[in-house]
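Hi,

Here is the structure I promised to pass on.

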There are 2 protein chains.
Amino acid sequence: MTDSTDRPGRLLKAPENFISPDGVRTVFGQARQGRRDFIRQAFAAAAAGGGALAGQQALAQANPVPADGGDSNILNLPAHSTGLGKGVATDGYGMPSSFERNVQRRTSPGLTQTTQSSVSFAPLQSLFGIVTPSGLHFERHHQGWWDVDPSKHRLMINGSDNRIVSKPLVFTMDELMRLPSVSRFHFIECGANTGMEWGNVAVPTCQYSHGMLSCSEFTGVPLKTLLDMAGVDYKRGRFVLAEGADGSSMTRTIPMDMVESGEVFVAYGQNGEMLRPENGYPLRLVVPGVQGVSWVKYLRRIEVGDQPWATKDEAVHYIDLMPGGQHRQYTSTQECKSVITSPSGGQVLLDKGFYAVTGLAWSGRGKVTRVDVSADGGRNWKTAQLQGPVMDKCLTRFSLPWAWDGKPSLLQSRAMDSTGYVQPTYQQTRAVRGTRSIYHNNSIQTWLVQESGEVKNVQLT
Amino acid sequence: MTDSTDRPGRLLKAPENFISPDGVRTVFGQARQGRRDFIRQAFAAAAAGGGALAGQQALAQANPVPADGGDSNILNLPAHSTGLGKGVATDGYGMPSSFERNVQRRTSPGLTQTTQSSVSFAPLQSLFGIVTPSGLHFERHHQGWWDVDPSKHRLMINGSDNRIVSKPLVFTMDELMRLPSVSRFHFIECGANTGMEWGNVAVPTCQYSHGMLSCSEFTGVPLKTLLDMAGVDYKRGRFVLAEGADGSSMTRTIPMDMVESGEVFVAYGQNGEMLRPENGYPLRLVVPGVQGVSWVKYLRRIEVGDQPWATKDEAVHYIDLMPGGQHRQYTSTQECKSVITSPSGGQVLLDKGFYAVTGLAWSGRGKVTRVDVSADGGRNWKTAQLQGPVMDKCLTRFSLPWAWDGKPSLLQSRAMDSTGYVQPTYQQTRAVRGTRSIYHNNSIQTWLVQESGEVKNVQLT
């Protein structure tokens with residue numbers, strides 16, 4: 001730190017006041033006249049008849065009868081408005097409200113034969129914005145999850161021969177965490193997300209149809225940094241094999257182009273803290289835009305080679321059965337896709353009128369540029385609002401005001417990305433892919449709002 | 001949804017393959033030759049003597065002896081590499097690793113006389129990126145916290161007289177959550193953050209000096225939307241009073257300019273899920289850039305008036321005692337500030353050499369435009385890298401590579417914002433503010449790295 005880029009601190013200017021002192025006048029006189037008396041004001045409003053829910057009625061609603069044994073008083077104020085609450089936490093790690101206990105990641109009974117090789121789905125219909133709380137991040141385990149001791153965990157970098165990697169290295173977690181890091185928001189989607197829909201098995205809710213999708217701020221070291229340290233010959237080393245430490249020995253090939261772009265990183269952080277055990281603590285590969293299986297958990301080894309490995313997890317699993325009976329391999333990038341999360345399957349619209357239709361859009365190839373929403377099964381479309389910041393290979397929240405007229409409606413969303421690609425209909429995907437795939441379904445989702453208000457997962461054929 | 005902005009979906013193009021099939025060759029022959037055999041490879045690397053930690057030594061480190069009673073085997077693989085792990089969660093809400101149990105928000109013993117009117121600090125030194133996990137978000141309670149029943153909670157909008165608000169309204173949570181919402185990333189900082197430092201009481205760690213600071217993606221309804229519905233006369237209604245439902249009856253004045261800009265919103269969501277009880281579940285006012293006390297928790301009422309209220313929480317608390325003995329009020333906007341979170345007080349550098357100096361910068365007046373870092377107490381500065389996206393009134397992560405030469409070093413960071421303001425030194429703030437304030441200290445923080453490697457909070461005078 002010898003170079004000087006000194007810029008003398010400017011003199012501290014007097015802070016611009018939040019509220020000008022000129023506006024602050026004595027209020028005690030007015031208080032005595034009752035002008036600032038909440039109670040009197042509310043009754044006055046009732047007398048004036050202003051608004052549908054004004055005055056006394058409003059006050060009663062704003063101050064419901066206490067349900068939890070609080071002191072009774074003339075206003076029937078709830079206990080939390082009159083009593084002393086709980087102190088700052090002693091365990092030091094907070095949890096959601098007890099009233100939110102049904103917002104959970106959930107397994108699908110019968111979908112898998114063991115809980116160790118299984119899935120839990122994120123409750124997309126209950127989430128806001130783009131960040132998935134780490135406690136609700138979807139899970140996909142191939143042989144169960146472990147709470148791996150980070151002091152014993154190692155990451156090894158080696159080559160498939162010694163000319164490709166001249167200095168094989170092993171890193172402790174401390175060594176990795178000393179290196180320069182990046183923090184980036186990215187979505188992760190299991191390649192099998194929406195897999196049941198290929199066979200027209202329309203699962204009831206958004207959680208089960210699209211819930212193998214989450215989004216976090218990940219922090220870690222660019223893999224390129226580690227490969228540089230290990231002396232990789234990038235002319236010969238065109239592929240990388242990532243290997244996990246859990247019993248499934250998960251192994252996936254990543255093209256070196258992705259690594260060289262700086263996108264791929266070795267993450268230890270997720271949403272500000274260390275990764276969660278179910279999501280690969282203490283180390284996970286982040287491969288933005290690529291299906292979740294390549295984001296190898298419990299990452300213990302990176303091998304650099306000159307050709308793909310065709311491991312069990314890429315030659316036999318995560319492949320696409322095409323109409324002609326051939327299997328298509330290495331289609332790992334998650335194409336542009338979207339889903340309306342509210343209203344969505346299993347929800348009930350209690351009345352006609354205004355709804356803020358909202359959902360998520362994403363693309364493994366870049367940024368979401370536009371989302372259209374239809375309420376008539378794709379005949380007419382309106383362009384939704386995108387909530388910023390719109391980030392690369394990240395979830396984007398969209399929304400559109402909608403007035404439900406009480407008649408059956410077919411809600412759809414259609415996303416477009418920065419490559420110009422438009423999310424396809426089921427007719428379009430089936431024309432290419434048939435109906436026997438499990439993976440890589442990015443078709444437009446349809447929710448039928450029935451006259452009863454109940455929302456159902458349907459497919460238009 | 002009658003307007004048509006139809007844009008026929010483009011034909012689904014054949015997906016560009018993640019890996020070209022041409023690169024996939026048969027690997028079984030090579031496997032038989034041992035070329036892709038991990039074990040043989042590692043020993044070969046050892047024989048070749050490549051790298052400091054290559055080969056057999058690397059392998060042993062990568063596969064430590066199991067500590068948890070796993071099956072013994074020739075390689076001494078850990079249990080998690082040979083056994084079956086835990087299944088997908090049955091309780092449906094995940095928690096951090098047991099190895100992270102010391103990463104907690106913490107109270108400062110003796111700082112407050114009760115736990116209900118108290119503070120817990122976020123562990124900034126252990127956090128990454130900009131998102132604060134909700135379970136580690138700092139707490140500041142004035143009369144304890146409550147888990148308020150959202151089905152009984154109401155938000156009332158009224159005027160200090162009937163001409164200012166023509167239609168007083170009361171909203172249920174369901175009514176609020178049907179309205180169009182926004183999701184935005186913002187920091188929240190208690191006005192008393194770094195308050196102990198005014199009196200040169202240098203608390204030992206970054207958690208205790210700067211830990212009343214957090215950052216989340218908040219979701220909710222712009223307050224302007226609600227005021228419009230209530231028929232506010234914006235010519236007369238120039239101020240808003242926000243009132244909480246807890247026993248402290250927290251009330252704060254917000255200037256209407258801020259509300260009209262669309263910035264202020266009534267939030268129910270935080271980091272993708274509902275607010276946490278300690279942070280105001282089910283409803284909290286978000287006032288970007290303004291000190292945390294104005295982000296009223298358990299928000300139950302908004303009153304619109306023509307002048308500030310001068311309530312107890314703004315006339316007596318959260319004010320600045322100036323050198324002349326006067327109290328300065330309504331300085332609520334958090335000025336531009338930064339802090340190095342690593343290395344920081346209480347940490348120990350185990351060796352000379354490379355460190356990635358990293359920290360957080362923020363401004364209540366806009367975006368962070370630049371952060372400089374000094375290792376010699378402000379004589380020489382280098383400009384740090386800012387991690388994108390840099391957002392308005394949001395934490396920004398900065399970092400700078402640094403090689404520690406083993407000698408005493410004075411680490412400082414100095415942030416600048418989009419208004420051109422430069423974070424001041426203690427000399428500068430004290431010249432204006434004296435030493436008897438509690439609130440609104442945004443001075444440059446100094447960490448002394450001692451020859452022993454121990455890092456200490458110091459003030460340069």
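**What I found**

The largest nonpolar core has 208 residues, and those with the most contacts inside it are A:Val266 and B:Val266. By nonpolar core I mean a set of buried Ala, Val, Leu, Ile, Met, Phe, Trp, Tyr and Cys residues joined through C-beta atoms within 7 Å. Buried means that 20 or more other C-beta atoms lie within 10 Å of the residue's own, with C-beta atoms placed from the backbone (exposed is 12 or fewer, partly exposed in between).

Bear in mind that this is a predicted model: local features need pLDDT of at least 70 and side-chain atom pairs count only at pLDDT 80 or more, while totals for chains, interfaces and linings use all residues. Residues are numbered from 1 along each chain as its sequence is written, and chains are lettered from A and ligands numbered from 1 in the order in which they are written.

Back to A:Val266: leaving out residues up to four places away in sequence, its contacts (C-beta atoms, placed from the backbone, within 7 Å) include A:Leu155, A:Leu176, A:Gly220 and A:Leu299.

Chain A is assigned domain 1 (28-66), domain 2 (118-328) and domain 3 (337-458); the bounds come from an automatic or database domain assignment. The centres of domain 2 and domain 3 of chain A, taken over C-alpha atoms, are 27 Å apart. Their contact takes 30 residues from domain 2 of chain A and 29 residues from domain 3 of chain A.

In chain A, strand E15 (residues 337-342) has 6 of its 6 residues buried. Helices (H or I, at least four residues) and strands (E, at least two) are DSSP runs, numbered from the N terminus. E15(A) pairs with strand E16 (residues 353-362) of chain A in the antiparallel sense over 5 bridges; pairing requires that DSSP finds at least two bridges between the strands. A:Val339 has A:Leu360 in E16(A) as its bridge partner.

Over in chain B, 4 strands make an open antiparallel sheet in the order E15-E16-E20-E19. The edge strands there are E15 (337-342) and E19 (385-386), each pairing on one side only.

Finally, helix H10 (residues 426-433) of chain B has B:Tyr426, B:Thr429, B:Arg430 and B:Arg433 buried. Down the axis of H10(B), these buried residues fall within an arc of 100°, so they line one face of the helix; the arc is that of the directions from the helix axis to the C-beta atoms. Strand E13 (320-321) of chain B is part of what covers them. After H10(B) comes B:Gly434, with a positive phi near 75°.

Cheers

How values were computed. Contact = placed C-beta atoms within 7 Å.
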